[in-house]
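Subject: Structure handover

Dear colleague,

Here is the structure I said I would pass on. My notes on it are below; please read them with the coordinates open.

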Amino acid sequence: MTGRRQPDAAAPLPDAPQVRVVIPCRNEAGYIGRCLRSLIAADRSGLKFEAWVCDGLSEDGTRTEIEALAAEHPWIKLVDNPARTTPHAMNLGLKPAGYDVGLLLGAHAEAEADFLQANIAALRAHARAGCVGGIIANVYTDATSRRIGAAMGHPFGVGGAHFRTGRRAGEVDTVAFGAYRREALAAIGFVDERLARNQDDELNFRLVRAGWTIILDPAIRSRYYVRAGMRKLFRQYWQYGYWKAFVGRLHGTVTTFRQVVPAAFVLFLVTGAAASLLHPSLAFAYAGGSALYLVAALISALRAADRLSDAPGVLLAFITLHVAYGAGYLRGIVDFLLLRREPPGSAASSSR
């Protein structure tokens, strides 16, 4: 017994389900065209299909790319998102009725040819699934993004994020680029617009808590262009950690065990360094713990790297992921749990 309320099995999808792909977007010139062209090339047979690009008033030519493709393919719709944040973009696409399955896709992503059909097949196969998703293959634009992608695709880097590692199928706690039944989204109240980050994680947490399941199906495949640069990676994961603490406050719980591990690691680094000044035995224990982490990180980097010369870069990406997420999470605990602050306006202005 799980103690969760089990919703009735979802109504079977129609023979020709209405599918709406929702793409939050802002200043994604070059990427948004590739994303939409992958949907143009995808198998849409038997589907009533539309793609809504919810754009935060881009200024880099993104809108021109969307409008050019929409002129040739009327099922592409450009939706203005004056709030310019990701959760508002998601809800602009998901809240209006008129679809059976709402699918969230990133502007940096591309769908494989059978992506849409595989999502529908998975939802048909799992009547209690409120959401299904698949495996993301990283696409690299240079050596740095290749090393970052290797770290993000290894369990040492991202823990149990199975949609990145591809090491588990079946029932999971979250997926990326999920395909949601509209009735499940309506039942839990769509996306929480207070969250500048972690919106899909929090959405999936509420989905599972409401008794729906989330299914990871390796047959559902997409590609994702990894952002290059350790500074951008640090900022991205610092925000993930920071907003995860706010999600914890909202629900009064730690939503996943893996979220606290980087914070514990950062606490160890900071408090251990200070404690090591007090006694040689504490310094020895601190040095031993740090060395153990570095050995584990180096072995994982050697296994994750596509080529030996990438291993130092993968090692640096591991450290960046862990320190950024842990530091952001601890700052979030201070702001949201100890000081009871509300989300800052500057963070809410960020978008994908």
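This is a predicted model: local features need pLDDT of at least 70, side-chain atom pairs count only at pLDDT 80 or more; totals for chains, interfaces and linings use all residues.

Strand S6 and its partners

With strand S9 (residues 213-225), S6 pairs in the parallel sense, over nine bridges. Within that pairing, Ile136 is opposite Ser222 of S9. With strand S8 (residues 179-181), S6 pairs in the antiparallel sense, over two bridges. Here Cys131 is opposite Tyr180 of S8.

Helix H5

Helix H5 takes in residues 143-152, and seven of its 10 residues are buried. The buried residues are Ser145, Arg146, Ile148, Gly149, Ala150, Ala151 and Met152. The N-terminal end of H5 is capped by Asp142, which has a side-chain oxygen 3.2 Å from the backbone nitrogen of Thr144.

Arg249 belongs to helix H10 (residues 230-251). Its relative accessible area is 17%, so Arg249 falls under the 20% limit and counts as buried. The side chain of Arg249 reaches the backbone oxygen of Phe336 at 2.9 Å. Apart from neighbours within four places in sequence, the contacts of Arg249 are Phe336, Leu337, Arg340, Arg341 and Glu342.

Arg206 sits in helix H9 (residues 199-209). With a relative accessible area of 13%, Arg206 is buried as well. Residues up to four places away in sequence aside, Arg206 touches Ile188, Gly189, Phe190, Val191, Asp192 and His251. His251 is 45 residues from Arg206 along the chain, and their C-alpha atoms are separated by 9.1 Å.

Ser300 is part of helix H12 (residues 280-304). This serine is buried, at 9% relative accessible area. Once neighbours within four places in sequence are left aside, Ser300 is in contact with His154, Phe156 and Phe318.

Surface patch

Val334, Leu337, Leu338 and Leu339 make a nonpolar surface patch of about 350 Å². Leu337 in this patch is also one of the residues in contact with Arg249. Leu338 lies in helix H13 (residues 311-338). Its relative accessibility is 62%, which is over the 50% limit, so Leu338 counts as exposed.

Arg84 is partly exposed, with a relative accessible area of 30%. Is Asn198 buried or exposed? Asn198 has a relative accessible area of 6% and is therefore buried.

Regards

Methods
Residues are numbered from 1 along each chain as its sequence is written. Side-chain values use heavy atoms; hydrogens and water are left out. Two strands pair if DSSP finds at least two bridges between them. Helices (H or I, at least four residues) and strands (E, at least two) are DSSP runs, numbered from the N terminus. Buried means under 20% relative accessible area, exposed over 50%, partly exposed in between (1.4 Å probe, protein chains only). A polar contact is a pair of N or O atoms within 3.5 Å; within protein, one must be able to donate a hydrogen and the other to accept it, and residues adjacent in sequence count only if both atoms are side-chain atoms. Contact means heavy atoms within 4.5 Å. Patches are made of residues with over 30% relative accessible area and no salt bridge: like charges are joined within 9 Å, nonpolar side chains (Val, Leu, Ile, Met, Phe, Trp, Tyr) within 5 Å. Accessible areas come from the Shrake-Rupley method with a 1.4 Å probe; for residues, only the protein chains shown count as cover. A salt bridge is a side-chain nitrogen of Lys or Arg within 4 Å of a carboxyl oxygen of Asp or Glu.
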